Amino acid sequence: MRLHVADHPLITHKLTVLRDQRTSSPVFRQLTEELVTLLAYEATRNVRVSPIEIQTPVTTTMGVKISEPRPLVVPILRAGLGMLEGMVKLIPTAEVGFLGMVRNEETLEPSTYAERLPDDLSDRQCFVLDPMLATGGSLGAAIEFLFARGAQDVTAICLLGAPEGVAAIEKQVDGRDVTLVLGAMDERLNEKGYIVPGLGDAGDRLYGTV
Ligand code: URA
């Protein structure tokens with residue numbers, strides 16, 4: 001597994017405003033979009049491209065275009081939806097699929113309650129959007145789901161991660177091609193499973209249900 005934690009003052013600045021409890025939902029949404037676009041730049045470093053010949057006004061030259069099958073962007077509902085605009089702004093030709101994950105309160109295991117994805121993900125590069133990598137339960141389940149459909153590799157973009165969640169994903173992926181791109185690695189999880197210092201419940205802060 002590859003882990004990339006952003007190290008850029010603009011990202012840290014935007015994350016600081018995002019963490020601040022006084023930040024309103026409209027500003028939170030706008031900043032989330034901007035942060036995802038910045039993180040997506042790093043996350044797409046290994047996106048597959050094919051050579052293409054084009055004609056400039058001056059001469060013929062070789063360039064590249066994003067390969068087929070096109071990358072698939074998968075926001076995990078609900079909070080991952082707030083990251084979608086920022087991602088497709090950078091890579092507008094990507095296809096978009098949706099995964100809804102919920103934790104079973106008896107078994108504590110995550111399960112899929114909604115899914116809108118191509119049946120066959122063979123040769124697909126998948127980009128999962130999930131703002132908070134806390135225990136790693138739902139992200140891990142989403143990664144398993146995509147590999148079970150044949151995905152070639154999976155890159156997850158998260159605004160914040162906890163060491164516990166990163167360790168859980170690392171243990172689970174076991175040699176498969178997974179990259180984690182985080183805006184920041186926070187200290188820990190608290191007893192309620194919230195990331196510390198974190199930003200609270202990302203879904204609530206995005207959609208104003210606090
Ligand atoms: N999900 C959130 O929205 N926030 C956390 O801190 C942990 C999980």
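The largest nonpolar core has 50 residues, and V74, V128, A142 and I157 touch the most other members. Such a core is a set of buried Ala, Val, Leu, Ile, Met, Phe, Trp, Tyr and Cys residues joined through C-beta atoms within 7 Å. The model is predicted: local features need pLDDT of at least 70, side-chain atom pairs count only at pLDDT 80 or more, and totals for chains, interfaces and linings use all residues. Residues are numbered from 1 along each chain as its sequence is written.

**Core**
- A142 touches V74, I76, L99, M101 and V128, leaving out residues up to four places away in sequence; contact requires C-beta atoms, placed from the backbone, within 7 Å.

**Annotated binding site**
- An unreviewed UniProt entry places the feature "binding site" at I195, G200, D201 and A202; such annotations may be inferred rather than shown by experiment.
- I195 counts as buried because it has 27 C-beta neighbours inside 10 Å (buried: 20 or more; exposed: 12 or fewer; partly exposed: in between).
- Beyond four places in sequence, I195 touches M132, A134, L160, A162, D186 and L189.
- G200 is partly exposed, since 16 other C-beta atoms lie within 10 Å.
- With neighbours within four places in sequence left aside, G200 is in contact with Q21 and R205.

Technical notes: Contact = placed C-beta atoms within 7 Å.
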